[in-house]
Amino acid sequence: MEIFELSRLIFDSCDRIHQATTDMYEHVHSDGTPRYESDEIESIIKDFREGVNHEIDTIRSATSEYREGFDE
């Protein structure tokens, strides 16, 4: 993997995290007023965390793959 590919993968993951953050905010404020119902908030947070954790894993994986390229 070339350094520019690593940079692109990290950028793409960070961009998706940013979009997930925006989406979560909009879901919490679906009609302009913040939601406060426990079940709905927990569901929104769960979905957000799953998405963010997936992107963090992608970054970890990509950087690990890049480092391993030096060992070959």
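Is Ser13 buried or exposed? Ser13 is buried, with a relative accessible area of 0%. This is a predicted model. Ser13 sits in helix H1, and the buried residues of H1 pack against H2.

**Helices H1 and H2**

- Helix H1 covers residues 3–28, and its end C-alpha atoms are 38 Å apart, in agreement with the 38 Å that its 26 residues should span at 1.5 Å a residue.
- Helix H2 runs over residues 38–71, which makes 34 residues.
- From first C-alpha to last, H2 reaches 49 Å, close to the 50 Å expected at 1.5 Å a residue.
- The buried residues in H1 are Leu6, Ser13 and Val28.
- In H2, the buried residues are Ile41, Ile44, Val52, Glu55, Ala62 and Tyr66.
- The packing partner of the buried residues of H2 is helix H1.

**Ser13 and Glu55**

- Apart from neighbours within four places in sequence, Ser13 is in contact with Glu55, Thr58 and Ile59.
- The side chains of Ser13 and Glu55 are joined by a polar contact of 2.9 Å.
- Glu55 counts as buried because its relative accessible area is 8%, under the 20% cut-off.
- The Glu55 side chain also meets that of Arg16 in a salt bridge, at 2.9 Å from N to O.
- This pair links distant parts of the chain, with Glu55 in helix H2 and Arg16 in helix H1, 39 residues apart.
- Arg16 is partly exposed, at 41% relative accessibility, whereas Glu55 is buried.

**Salt bridges**

- The whole structure holds five salt bridges, and the one between Glu55 and Arg16 is described above.
- Side chains of opposite charge can pair when their charged atoms come close.
- Lys46 and Glu50 form another salt bridge, with an N to O distance of 2.9 Å.
- Both Lys46 and Glu50 belong to helix H2, where they are four residues apart, or about one turn of the helix.
- Lys46 is partly exposed at 47% relative accessibility, and Glu50 is partly exposed at 44%.
- Asp57 and Arg60 also form a salt bridge, their closest N and O atoms being 3.4 Å apart.
- Asp57 and Arg60 are three residues apart in helix H2, so about one helical turn separates them.
- Asp57 is partly exposed, with a relative accessible area of 43%, while Arg60 is exposed, at 56%.

**Aromatic pair**

- The count of aromatic pairs comes to one.
- The pair is formed by Tyr66 and Phe70, with 5.1 Å centre to centre and 85° between the planes.
- The arrangement of Tyr66 and Phe70 is edge-to-face because an angle over 60 degrees counts as such.
- Tyr66 and Phe70 are four residues apart in helix H2, so they are separated by about one helical turn.
- Tyr66 is one of the buried residues of H2, whereas Phe70 is exposed, with a relative accessible area of 61%.

**Loop between the helices**

- Pro34 lies in the loop between H1 and H2.
- Pro34 is partly exposed, with a relative accessible area of 43%.
- Not counting residues up to four places away in sequence, Pro34 touches Val28 and His29.

Notes: Residues numbered from 1 in each chain as written. Predicted model: local features only at pLDDT ≥ 70, side-chain atom pairs only at ≥ 80, totals over all residues. Heavy atoms only, no water. Helix = DSSP H or I, 4+ residues; strand = E, 2+ residues; numbered from the N terminus. Expected span 1.5 Å × (residues − 1). Buried < 20%, exposed > 50% of the residue type's maximum accessible area, 1.4 Å probe, protein only. Contact = heavy atoms within 4.5 Å. Phe/Tyr/Trp six-rings, centres within 6.5 Å; stacked < 30°, edge-to-face > 60°. Polar contact = N/O pair within 3.5 Å; in protein donor to acceptor, adjacent residues only side chain to side chain. Salt bridge = Lys/Arg side-chain N within 4 Å of Asp/Glu carboxyl O.
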